[in-house]
There are 2 protein chains.
Amino acid sequence: MQNFQIQTPTNLIFGKSTQHQIGGLLKPHAKKVLLHYGGGTVKKIGLYDDTKKSLIAAGLDFVELGGVVPNPRLSLVYEGIELCKKEGVDYILAIGGGSAIDSAKAIAIGVCYDGDVWDIYDEKAPIKKALPVATILTIPAAGSEMSLSSVITNEKLGRKYGTSSDLIRPAISIVNPEYFTNLPTSQLGYGVSDIISHIFERYFTNTVNCDITDGMCEAILKTVMKNALIAHAEPTNYEAWSEIGLGGIIAHNNWLGIGRVQDWASHGMEHELSAYNDVAHGAGLAVLTPAWMKYVYKDNINMFVQFAVNVMGVEGSFRDPEAVVLEGISRLEDFYKKIGLKLSLAELDIPESAFEEMAKKATGEFFGKETGIGNFKRLMWQDVVEIYKLCK
Amino acid sequence: MQNFQIQTPTNLIFGKSTQHQIGGLLKPHAKKVLLHYGGGTVKKIGLYDDTKKSLIAAGLDFVELGGVVPNPRLSLVYEGIELCKKEGVDYILAIGGGSAIDSAKAIAIGVCYDGDVWDIYDEKAPIKKALPVATILTIPAAGSEMSLSSVITNEKLGRKYGTSSDLIRPAISIVNPEYFTNLPTSQLGYGVSDIISHIFERYFTNTVNCDITDGMCEAILKTVMKNALIAHAEPTNYEAWSEIGLGGIIAHNNWLGIGRVQDWASHGMEHELSAYNDVAHGAGLAVLTPAWMKYVYKDNINMFVQFAVNVMGVEGSFRDPEAVVLEGISRLEDFYKKIGLKLSLAELDIPESAFEEMAKKATGEFFGKETGIGNFKRLMWQDVVEIYKLCK
């Protein structure tokens with residue numbers, strides 16, 4: 001186990017009807033709130049009205065900015081920053097999924113930064129300050145409700161970059177799994193794929209003596225998979241969605257990643273799919289993850305045997321470790337299929353002709369600074385092309 | 001899963017040589033620090049000197065109060081409160097085990113409370129304010145380094161009571177497992193028994209649909225048990241102690257208890273042993289836990305089958321669930337024995353003649369308000385006597 005530091009101060013409120021608490025929770029901390037959201041969903045499910053009622057009942061002043069889309073856009077972030085500065089907003093409240101929350105975090109950073117907020121995502125400047133952010137979650141997936149990261153798409157440049165800082169961990173997050181029971185079927189697959197990937201990025205490591213975090217990763221992976229199948233068969237099952245929702249929070253608040261070197265290559269490779277063709281993040285991850293596994297497992301086959309046995313339940317003969325690993329990966333692919341996910345880039349309309357440029361962007365080569373991605377096995381752009389080919 | 005709220009803002013710094021960071025970590029938040037500790041151990045292991053050096057290097061003003069003993073005493077708490085008020089202390093730093101930390105929390109509460117701090121432990125007044133507390137941990141056991149609770153012994157009244165509030169979660173905790181490798185052999189058993197009990201108090205529940213927290217409990221129980229045996233055979237094994245130390249933190253920061261009704265009968269019954277005969281808390285828990293299990297398992301046998309199979313590794317025929325459960329409990333007793341723990345009250349010098357009074361104190365009957373203890377099965381004083389008899 002490596003030395004580590006962690007601080008997760010988010011006040012998490014979880015369960016039925018919890019959205020009504022938002023006004024009272026914000027009141028001691030906020031003078032003027034930006035209510036930030038996407039499109040019609042929060043209105044359709046009643047959350048928009050409930051939130052406004054609660055803010056008004058608490059006597060809180062607020063302004064609104066809707067229009068967040070999946071893979072949230074920099075242009076709307078700029079608009080939010082302008083609005084907050086003009087209106088003297090001191091607290092951002094995102095209601096929606098990871099996109100609304102990531103957009104809110106970007107606005108929270110931008111309001112406190114004198115230059116162009118994209119500088120921060122482009123690693124040209126650090127985050128020194130941010131407005132506090134609260135969230136009411138409607139989709140379990142991104143984990144942004146308790147994480148320290150935000151991912152924004154610069155639609156003009158065709159780039160999707162993330163930034164991280166303890167300063168953008170939400171101060172308050174309300175998670176009511178009742179909302180999850182209203183999601184379209186495709187969102188179950190996308191969300192679960194993202195949650196699983198957040199765990200995989202931490203789980204697959206060459207760091208040894210991480211039994212506590214190994215065990216927690218495995219327990220949560222198994223539980224999320226089990227309950228994803230239940231929720232897929234029975235979309236209104238509140239209890240199954242509660243397990244997925246809680247799993248999604250812990251998957252990305254970094255308690256599973258402490259003391260171990262994390263990977264993050266799959267996320268890096270996926271961001272290029274989303275930037276290229278606006279692919280749903282979870283859809284891209286489900287295609288790339290098994291391909292990544294097939295490309296890297298030989299570098300530390302014992303880690304993948306552990307995955308196959310402890311997570312995917314492979315049993316019987318272990319005299320051929322490679323067969324055990326491949327059976328584990330195959331079972332993961334079957335699971336993705338069962339919850340409605342695709343397993344090839346072609347099905348996501350990403351042609352082979354795009355592979356090289358996406359790979360070079362993912363590893364930095366395209367921008368003249370090839371750093372590579374991933375820590376389980378460091379991948380250069382040629383490696384990434386091979387992985388894209390494995391799932392073309 | 002039940003609705004829940006959790007907030008764990010402790011800044012946790014974990015690993016080798018981390019004690020040297022304390023001055024820098026406190027500097028932005030503290031003007032004058034009370035350095036609070038027990039006896040010779042922190043001096044012998046060099047922590048006392050390292051801490052003072054770090055505080056001085058950071059230019060921090062501080063006063064000292066040593067003398068904390070296991071089952072920390074109210075009289076020293078009073079002394080600490082006086083000292084802090086006289087010296088204008090605004091931050092308490094505990095270096096040591098759970099006793100030093102619990103004592104520090106009591107002082108932190110008492111400085112901000114106008115009446116007798118025992119009122120708060122006696123549930124006559126709520127905690128409304130407390131000074132911030134930082135900790136450097138030397139014994140993994142109590143989990144007080146990230147928990148919201150403190151337990152103090154009123155030696156005049158012969159009572160050991162606890163109090164809880166988010167206001168007494170430590171703001172900063174440093175955990176360096178190197179210190180654990182210096183512990184006397186008996187401390188391994190006491191510490192591990194306490195950690196395991198913190199998980200059991202949350203794990204054994206009649207709440208259903210808690211797969212995420214069930215799985216995390218089971219993973220951490222198995223890991224702590226495995227590494228306890230390693231550390232028992234090889235007391236200087238840093239990696240094994242790291243697993244135990246991290247397990248101890250998560251066991252009691254309440255992430256394992258969210259969304260489920262918790263029990264806490266065993267802790268209640270044990271506090272009477274410590275109050276009666278100054279028994280080490282972990283020693284008392286190891287005696288009581290298997291007896292509690294034998295007394296309550298029939299009330300929800302499936303929960304105990306799950307424990308026997310998922311934690312204690314019982315396999316084979318499940319056609320006699322009771323046999324599965326009893327085998328699980330028997331394996332737990334074997335584990336306790338292997339790490340040097342006793343399994344009877346007689347070995348802790350608690351005579352049968354004391355059972356009735358201890359039981360009546362534990363359930364409140366002695367004080368004219370019999371509330372009972374525990375939630376897995378509510379126990380009245382007669383039940384507690386039966387449990388004491390099962391391990392007499």
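Trainee: How many salt bridges does a search of the whole structure find over all chains?

Mentor: The model is a predicted one, and a search through the whole of it turns up 36 salt bridges over all chains. One of them joins B:Asp278 to B:Arg73, with the closest N and O atoms 3.4 Å apart.

Trainee: Where in the chain do those two sit?

Mentor: They link distant parts of the chain, 205 residues apart. B:Asp278 lies in the loop between helix 10 (265-277) and helix 11 (281-296) of chain B, while B:Arg73 belongs to the loop between strand 3 (61-65) and helix 4 (74-87) of chain B.

Trainee: Which elements of chain B touch chain A, then?

Mentor: Those giving two or more residues to that side of chain B are strand 1 (4-14), helix 8 (211-233) and helix 9 (238-252). By class, this side of chain B has 19 nonpolar, 16 polar and five charged residues.

Trainee: How much area do the chains bury between them?

Mentor: Chain B and chain A bury about 3300 Å² between them, and 59% of that is on carbon and sulfur atoms. On the side of chain B, B:Met1, B:Ile212 and B:Trp255 supply 19% of the area buried against chain A, which is more than any other three residues. The contact as a whole draws 40 residues from chain B and 39 residues from chain A.

Trainee: In which sense do strand 1 of chain A and strand 1 of chain B pair, parallel or antiparallel?

Mentor: Strand 1 (residues 4-14) of chain A pairs with strand 1 of chain B in the antiparallel sense, over seven bridges. Within that pairing, A:Ile6 stands opposite B:Leu12.

Trainee: What rotation superposes chain B on chain A?

Mentor: A rotation of 180° does so, with 0.0 Å of shift along its axis and an RMSD of 0.0 Å, and that is the relation of a two-fold axis. Of the residues of chain B, B:Pro9 comes closest to the rotation axis, its C-alpha being at 1.9 Å.

Trainee: And why do you say the copies meet through the same surface?

Mentor: Because 98% of the interface residues of chain B are also interface residues in chain A.

Note on methods: Residues are numbered from 1 along each chain as its sequence is written. Chains are lettered from A and ligands numbered from 1 in the order in which they are written. This is a predicted model: local features need pLDDT of at least 70, side-chain atom pairs count only at pLDDT 80 or more; totals for chains, interfaces and linings use all residues. Side-chain values use heavy atoms; hydrogens and water are left out. Contact means heavy atoms within 4.5 Å. Buried area is the accessible area (1.4 Å probe) that two parts lose on being put together, summed over both. Helices (H or I, at least four residues) and strands (E, at least two) are DSSP runs, numbered from the N terminus. Ala, Val, Leu, Ile, Met, Phe, Trp, Tyr, Cys and Pro count as nonpolar, Asp, Glu, Lys and Arg as charged, and the others, Gly among them, as polar. Two strands pair if DSSP finds at least two bridges between them. Copies are superposed by least squares on the C-alpha atoms of residues with pLDDT of at least 70 in both. A salt bridge is a side-chain nitrogen of Lys or Arg within 4 Å of a carboxyl oxygen of Asp or Glu.
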